[in-house]
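Subject: Handing over a structure

Dear colleague,

I am passing on the structure below so that you can look through it yourself.

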Amino acid sequence: MTHTPTSSTAATPDPRRDSLIEYPCAFPVKVMGLKVDEFVSAMTAIALRHDPGFDAATLEIRHSKGGNYLGVTLTVQATSRAQLDALYLELTGHPLVKVVL
């Protein structure tokens, strides 16, 4: 006879074991979007909503070869998977954003 674990003896999944990220940590997020005046300020505002301690002075900005796009690296203080998921969701939903890495 085999033993089938019951809910009281089954191991409870630990979300920290499912992640390769150790929280808290500085986490860079690369965002590419249209080169328009409000792009950098919009990305900064999103970063601040998800990391109130975000320092805009740490932004890294790169222009595309053709000059139509900007690449912005936002380094946020990541505290949880849920925080990063919410940040990515808001960034990818922004109309000026083309790619989030």
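Two strands are taken to pair if DSSP finds at least two bridges between them, and strands (E, at least two residues) and helices (H or I, at least four residues) are DSSP runs, numbered from the N terminus. Please keep in mind that this is a predicted model, in which local features need pLDDT of at least 70 and side-chain atom pairs count only at pLDDT 80 or more, while totals for chains, interfaces and linings use all residues. Residues are numbered from 1 along each chain as its sequence is written, and side-chain values use heavy atoms, with hydrogens and water left out.

The sheet

The four strands form an open sheet in the order β2-β3-β1-β4, with antiparallel pairing, and its edge strands are β2 and β4, each of which pairs on one side only. On average, neighbouring strands of this sheet are turned by 25° against each other, direction ignored.

Strand β1 (residues 25-34) is joined to strand β3 (residues 69-78) by 10 bridges, and within this pair Phe27 stands opposite Val76 in β3. On its other pairing, β1 is linked to strand β4 (residues 97-100) by three bridges, with Val31 opposite Val100 in β4.

Strand β2 (residues 60-63) pairs with β3 over four bridges, again in the antiparallel sense; Glu60 has Thr73 as its bridge partner in β3, and Arg62 has Gly71. These two strands, β2 and β3, form a hairpin with five residues between them, and Gly67 in the turn has a positive phi of about 85°.

The helices

Helix α1 packs on the sheet and touches β1, β2, β3 and β4, its direction making about 15° with that of β3. Contact here means heavy atoms within 4.5 Å, and axes are lines fitted to C-alpha atoms, for helices over the stretch in contact, with angles running from 0 to 180 degrees between N-to-C directions.

Helix α1 (residues 39-50) also packs with helix α2 (residues 81-93), at an angle of about 155° and with the axes 10 Å apart, which means that α1 is roughly antiparallel to α2 (under 35 degrees counts as roughly parallel, over 145 as roughly antiparallel, 65 to 115 as roughly perpendicular and the rest as oblique). The contact is made by Met43, Ile46, Ala47, Arg49 and His50 of α1 together with Gln83, Ala86, Leu87, Glu90 and Leu91 of α2.
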